Each structure stands twice: as structure tokens, then as C-alpha cells.
Amino acid sequence: MINDTVVLRFNEAKFEYGENKPILDEASFSVRNGSKVALMGQNGAGKSTLFNLILGNLKLKSGTIFMTPKDARVGHARQVIAPTDADKTVRDWFGGTFVEVPFNLDKRIADALDAVNLKTDLGKKIKAHSGGQQARLLLAYSLIQDPDILLLDEPTNNLDQAGIEHLTGFLMCYDKTVIVISHDAEFLNAFTDGVLYLDVHTRKIEQYVGNYFNVVDEIAKRIERENMANARAEAEIKKKMAQAEVFAHKGGKLRSVAKKMREYATDMEESMVEVRQEDKTIRDFKIPAQEFDFEFSGKILNIKKVGIVKDGEPVSKDLSLTLRKGTHVLVAGPNGIGKSTLLRRIVAHTAPGITIGENVRVGYYSQDFSTLDHEQKAYDCLREVMEIFDEQRLRSTAAGFLLDGKALGNKIGGLSEGQKGLLVFTRLVLQRPGLLILDEPTNHINFRHLPVIAKALNNYEGALLMVSHIPDFVAQIRIDTTIDLSLL
């Protein structure tokens with residue numbers, strides 16, 4: 001229940017990663033106890049940085065952060081499991097969140113897992129869980145200490161529809177403060193009552209009240225009004241400057257009139273509103289399909305059986321399916337049934353009963369970007385997949401995915417999760433795969449980009465095998481066959 005108590009306040013907060021990367025410039029905002037707030041902003045604007053400031057992992061250059069109470073507990077559900085935690089058991093991982101492990105740890109873990117609707121063995125390793133199960137573990141980890149402020153970073157990534165519905169219901173009933181970063185507009189609109197907008201250009205944080213769609217509409221209308229006002233002002237400025245030029249050449253007293261007109265035009269220029277530069281959308285693109293010679297059999301992927309998990313045990317099910325050029329297949333099923341494992345094994349050529357055609361290039365979008373070398377520069381990641389290197393094509397393609405020279409010069413580990421996703425799509429375009437394997441390709445991607453990506457996948461002329469839990473996204477893509485693993 002929202003009340004008038006302010007649980008979190010930023011006052012003239014300033015933060016930067018060195019002089020060349022400012023994030024906040026005297027930003028101020030407050031969050032009331034019990035409110036559910038969406039944190040918006042472009043990729044790279046500093047949303048995750050704001051979370052780290054709230055958590056105390058980073059310190060302001062100037063300004064202050066107040067919490068009520070001062071020792072308020074902050075829970076943080078990250079986007080992904082840290083690689084250093086993958087080999088830990090569920091019990092050990094949860095135990096690590098406490099300075100002193102409580103005597104009733106197992107019960108507290110059980111209560112947290114129950115809240116996120118997950119049943120698992122506490123001795124099971126974190127990495128043995130599916131992507132959707134790991135998403136629920138991350139949320140449970142943030143809840144176990146009963147936080148006063150809950151920070152959620154892309155919590156719907158990897159969740160199936162049932163998981164998203166359960167999380168939505170949980171948050172609607174949750175009586176503590178929640179701040180959430182998400183690109184899932186429908187999810188946000190279901191429970192949020194306000195928006196914090198981090199403007200990447202002004203470095204300020206604007207605060208809006210209302211559900212997500214209402215706020216987005218309000219921002220759009222404001223931008224339209226500001227653009228119209230600026231257009232009128234520009235026309236008036238040109239008119240006054242032209243008149244001033246005429247009067248100045250006539251001499252005499254008209255020169256002083258010309259001077260006043262120039263001063264008036266200058267004042268108008270200074271009063272023009274700095275219009276927000278909203279998130280740019282990636283350009284339309286095409287993923288070119290690999291060309292095969294006349295000797296190719298036409299069988300890009302042949303599936304005779306698939307391995308799945310039922311009742312916690314691996315089982316093998318017979319299947320007869322051949323993917324040829326232009327075949328689009330969706331792999332469906334609940335979290336934990338083995339969808340991501342199946343795709344990983346196909347890519348690694350270790351899936352029993354499944355063979356990839358000879359010399360077929362495989363383009364792979366991994367839901368956790370585990371196939372990327374985070375120490376490698378983004379530029380080198382793209383260059384290595386090009387059959388014929390073309391500097392201009394590489395940079396032009398990357399620019400279409402909003403990856404500029406600065407981003408390409410960074411190590412992949414230094415990119416935001418959204419930028420990593422766009423990097424993978426850039427790589428797929430340059431790679432020209434014959435088989436496209438996509439595991440939750442909407443993960444971490446700004447919802448503004450999704451229609452563009454769906455259009456490209458719909459038009460892809462090679463063979464496509466995809467897992468996605470986003471019905472609206474899948475509906476935009478031609479699907480020839482659906483393999484529902486829960487029905488096998």
C-alpha cells in the first residue's frame with residue numbers, strides 16, 4: 001500500500017565514470033513507500049548504475065542519497081547468474097547473502113522459492129537449472145532478506161508465460177517498494193504506478209505518475225508539443241533576423257531597431273525547449289541466408305529424436321522433422337523441460353539423433369550470451385565471422401544496430417546487456433548463416449526494436465529454429481511447425 005513516507009530520495013546527485021562518461025548531473029527524485037516504479041532510459045543511459053548507487057556499490061561524486069529508515073534493506077534481482085556462482089548449490093548460494101547464516105536457512109529458502117513458484121533440490125547446482133528457473137532463483141535471492149526496496153533488472157527474461165503471470169500477480173500484491181527495469185511493456189503496465197525517466201542527454205531523472213502506457217503517451221505528447229513550439233519559434237527567429245538585416249542596411253534610427261530585433265531573436269533561441277531525444281529504433285535489416293552449391297542435399301537440420309526433462313529425469317522422444325531452406329520452427333514448452341539445453345546441444349553437435357547438414361553455417365543467439373568472449377572487443381567479434389572482410393560494411397551494419405565506434409572499441413563485457421543482444425544480431429547479419437538458432441532473442445532487447453527484429457526473422461530465407469516465450473513477438477514471424485516438448 002502506497003503511503004506518503006518517502007523511502008528513497010536522490011538530492012542533486014552527480015555521478016560519472018571519469019570525465020568522459022557522465023551518468024547523473026544534479027539529478028533529484030523521490031520514491032514513496034509501497035510504490036511500484038518503472039525505471040526507463042536508453043541503453044547505456046545508466047539504469048543499472050542507478051541500481052548500484054542505491055545498493056551502495058558505487059558512490060556519488062556529489063549530492064546525497066537518503067533512505068528511510070537509514071538501514072533500509074535493499075534486495076536486488078540481477079539479470080543473470082554470475083559465472084562465479086554457477087557451480088554453487090542452491091543452499092550455498094542463498095547462504096552467501098547473509099553475513100551470518102541463519103539456523104533456519106532451509107525454511108527461509110523454501111519460503112522465498114514458494115513466493116516465486118519454484119520447486120528445486122537445495123543441493124542442486126545453480127547451473128543445472130534452466131534459464132527460466134534461474135530467473136526465478138534470482139528473484140527469490142532478492143526476496144530472502146525481506147527487503148524494504150526491491151530492485152528488479154529485466155525480471156521477465158527467460159520466464160515462460162506462466163512464470164510472467166505469477167510474477168505479475170506477486171508484484172501486484174507485494175506491499176513493499178519496487179523499482180523495475182524492463183523492456184516488457186505489457187508486464188510493466190500491469191502493476192506500475194509511476195515512471196522514473198533517466199535522460200541520457202540531460203543526465204537528469206524525470207518523474208511521472210500513472211501506469212506505464214499513460215506515462216509513455218504523456219511523454220510522446222509532450223515531445224510533440226515541444227517540437228511544435230520550437231518550429232514556431234524557429235520560424236519567428238528567421239523572420240526577425242531577415243527584418244533586422246533589411247533595417248540594418250537602411251541606416252539611421254533603423255539600425256537600433258535592427259539591433260533590438262537581433263536581441264529578440266537571440267532571446268527566443270535561448271528560450272527554445274531542449275527536446276528529449278527518445279530511444280532510437282534500429283534500422284530495418286535483413287539476415288542474408290547462406291548460399292549452397294548444387295551438390296547440397298537440401299537438409300539443413302534433420303531431427304529424429306529430442307532429449308527433454310520430465311519429472312526431473314532426462315528422457316528421449318522420437319521425432320521426424322527435416323528443416324530445409326525457408327523452414328521456420330518454434331520450440332515450445334514450460335521452463336525446465338530442456339528447450340535451451342536442446343538448442344545448445346544442436347549448436348555443439350552433441351544432440352543424439354539430430355544432425356546438421358555438411359558445411360552449414362550456424363548462427364546462434366544464446367539467451368545468456370555465454371558464447372561471447374567478454375574479454376574480446378566488439379569489433380573483433382564481428383570481424384571474425386565475415387567471410388570477406390569489408391570495413392565499411394562492418395561499421396555500417398553495426399551503426400544500424402546503434403553500435404557506434406566507441407561501442408565497437410569496448411570489450412564485450414563492458415557493453416550493456418541490450419547492446420550485447422544487438423551485437424549478436426549484427427554478427428548474424430555479417431555471418432550469413434544457413435541455420436539460425438535463437439534462444440529467447442527478445443531477452444534484454446528494447447521493445448521498440450522488437451517489430452524490426454520480428455520482420456527480419458519473418459523474412460529470413462534460411463532454416464530457423466527458435467525458442468521464445470513472447471506471444472506477440474512470435475505472432476509476427478512465420479512459423480511452419482511448432483514442437484511442443486510438453487506434448488511429446
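## Helix α11 and what covers it

Helices such as α10 (378-383), α12 (405-409) and α13 (417-431) are among the elements that cover the buried residues of α11, where helices (H or I, at least four residues) and strands (E, at least two) are DSSP runs numbered from the N terminus, and where buried means under 20% relative accessible area, exposed over 50%, and partly exposed in between (1.4 Å probe, protein chains only). This is a predicted model, in which local features need pLDDT of at least 70 and side-chain atom pairs count only at pLDDT 80 or more, while totals for chains, interfaces and linings use all residues. Residues are numbered from 1 along each chain as its sequence is written, and side-chain values use heavy atoms, with hydrogens and water left out.

Helix α11 itself runs over residues 391-400, and its buried residues are L394, T397, A398 and G400. Because these residues cover an arc of only 155° around the axis, they lie on the same side of α11; the arc is that of the directions from the helix axis to the C-beta atoms.

Just after the helix, L402 takes a positive phi of about 65°.

## A three-stranded sheet

Elsewhere in the chain, three strands form an open sheet in the order β11-β10-β13, with antiparallel pairing, and two strands pair if DSSP finds at least two bridges between them. The edge strands, each of which pairs on one side only, are β11 (313-323) and β13 (354-356). From one strand to the next, the twist averages 35°.

Strand β10 (residues 301-310) is joined to β13 by three bridges, and these two strands run antiparallel. Within this part of the sheet, L301 stands opposite I356 in β13.

## An exposed loop residue

The loop between α2 (90-95) and α3 (105-115) contains F103, which counts as exposed because its relative accessibility is 83%. In sequence, F103 and A242 are 139 residues apart, and in space they are 81 Å apart, C-alpha to C-alpha.

## The chain as a whole

The chain has 15 helices and 17 strands, and its C-alpha trace spans about 95 × 70 × 35 Å along its principal axes. Of its 488 residues, 49% count as buried. Among contacts (heavy atoms within 4.5 Å) between residues at least 6 apart in sequence, 72% join residues at least 24 apart.

Technical notes
Axes are lines fitted to C-alpha atoms, for helices over the stretch in contact, and angles run from 0 to 180 degrees between N-to-C directions.
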